[in-house]
Amino acid sequence: MPHVRRSWVLVAALALLLTGCGSDASDTGATTTTPAATTSAVARSVSESELQAFADDLVATTGSEGGIVAWAVGDDPALVVTSGEADARTEQALHAGDPFHVASITKSFVAAALVLLDADGTVDLDAPVATYVDWPGGDAITVRQLLDHTSGLGPFGNPGDGAEDGTGSHYLALVQRGGALTLDEVLAATRDIAPVDEPGGSATYSNLNYVIAGAVIQAATGEDVGTVLHERLFDPLRMDHTWYAPQEPGDADPLPGLYELEPDLDPLPTTAFDMEPWRTVAAPASGAVSTLDDLLRWRDAVLRDQSIDGIDVSAMTEIGPGGYGLGVAGVTADGACIFEGCPPDQTFTRWGLNGDIPGSSTRVLHDPATDATLFVYLNRNALSLDEPTLAFLED
């Protein structure tokens, strides 16, 4: 559809925000405090009417058409509300159990799978990437550095991915091909992305880290990423409505949403264009689909119990000075700073799972001190949600 492609240059800044990303380097001289996964304070009391008002306000102020919001404390059942509708054009209703694109929350799935593969000796997180995948400079980059974004690899689908300086975005160029992209095609097209730092230096958020991490999984196991995610994560945790969309169909269509093609134009519904290139351009970084209930199971495993199938995954929430653990973002009093670069001496008191893709913004914000979690899904992408979600957590 020509009207979908007419404005790539003008919207590059927006499009490159997809999958919850940013790119400025972080100072690795910073000190970091990782919160303990035990309760030491009392979570605020939230009523259904208060949560509904919060959800309604988020939908209205962000220009979304609908959303799902949940508040969960400890082992108590989550309080869940919905607001608006899934698609105003078709009057499609929105239900709390509907599946949606989780975008960069996929990174936490891939990181967890690699932690488990490291535990059984299939992968060594501290081995060079070149042990598994042929990649420029792969002898000096470890698998762990891919997962915590300290590999030094350049941006891919992030600000700085060529669009701003006129050299052209690798990410958008691949999306414009149309149709599904294979992992091999993406790897071949991104080999010339220049590094921005030495391995082990500053933290620079890049989807390319997780594209290569997905290739490590496939090379080490001989299985597709989706197969490994099911075998090691989704099936043991009974996440029955979560799937890896780049390699398998799901049991329902993910919710549609709105994509702001240009600031001065009405947003484009995702039903008007092919989402397949968006799902597959950085598949191991952003391709999964899930539901609220399954993400709450994921929160329990990774952020609360820190154990999957009896294996310790606490390394995922060990936040480095650059603001990221293994698939999990550290959250300061001002939000997650990994996307734009963390100042020195930051204290990370919460953990976040963030995802953005056309038509979908998802946030899982967990406070380990109170064992409280705020979940937000909105059917519009590239939204700034740190301020309202942190304010709700602290109110």
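**A helix inside the chain**

Author: Helix α4 is largely enclosed by the rest of the structure, because 13 of its 15 residues are buried. Buried means under 20% relative accessible area; exposed means over 50%, and partly exposed lies in between (1.4 Å probe, protein chains only). The model is predicted: local features need pLDDT of at least 70, side-chain atom pairs count only at pLDDT 80 or more, and totals for chains, interfaces and linings use all residues. Residues are numbered from 1 along each chain as its sequence is written, and side-chain values use heavy atoms, with hydrogens and water left out.

Start with the length of α4. Its 15 residues should span 21 Å at 1.5 Å a residue, and its end C-alpha atoms are 22 Å apart, which agrees. The expected span is 1.5 Å times one less than the number of residues. Helices here are DSSP runs of H or I with at least four residues; strands are runs of E with at least two, and both are numbered from the N terminus.

Now the core. The largest nonpolar core has 98 residues, and Phe 109, Leu 114, Phe 156, Leu 233, Trp 298 and Ile 308 have the most contacts inside it. Helix α4 (residues 105-119) gives this core its largest share, 10 residues. Such a core is a set of buried Ala, Val, Leu, Ile, Met, Phe, Trp, Tyr and Cys residues, joined through side-chain atoms within 4.5 Å.

Take Ile 308. Leaving out residues up to four places away in sequence, it touches Ala 112, Leu 116, Arg 232, Leu 233, Leu 237, Trp 298, Ala 301, Val 302 and Val 313. Contact means heavy atoms within 4.5 Å. There is also a second, separate core of 21 residues, including Leu 383 and Phe 392.

Next, the way out of α4. Gly 121, just after the helix, takes a positive phi of about 85°. Pro 136 sits in the loop between α4 and α5 (143-147). Pro 136 is partly exposed, with a relative accessible area of 37%. Its C-alpha atom is separated by 9.7 Å from that of Pro 195, 59 residues apart along the chain.

Now the strands. In β1 (residues 66-73), 7 of 8 residues are buried. β1 runs antiparallel to β2 (residues 79-84), joined by 6 bridges. Two strands pair if DSSP finds at least two bridges between them. Trp 71 stands opposite Leu 79 in β2. The hairpin of β1 and β2 has 5 residues between the strands, and there Gly 74 takes a positive phi near 55°. β1 also runs antiparallel to β13 (residues 372-378), with 7 bridges. Gly 67 stands opposite Leu 378 in β13.

Another sheet is open and has 3 strands, in the order β3-β7-β4, with antiparallel pairing. β3 (100-101) and β4 (243-244) are at its edges with a single partner strand each, so one side of each has no neighbour in the sheet. β4 pairs with β7 (residues 288-290) over 2 bridges. Tyr 244 has Ala 288 of β7 as its bridge partner.

Last, the whole chain. It has 13 helices and 13 strands. Of its 395 residues, 59% count as buried. The average pLDDT, the predictor's confidence in each residue from 0 to 100, is 89, and 88% of the residues score at least 70. Over residues 1-34, pLDDT stays under 50.
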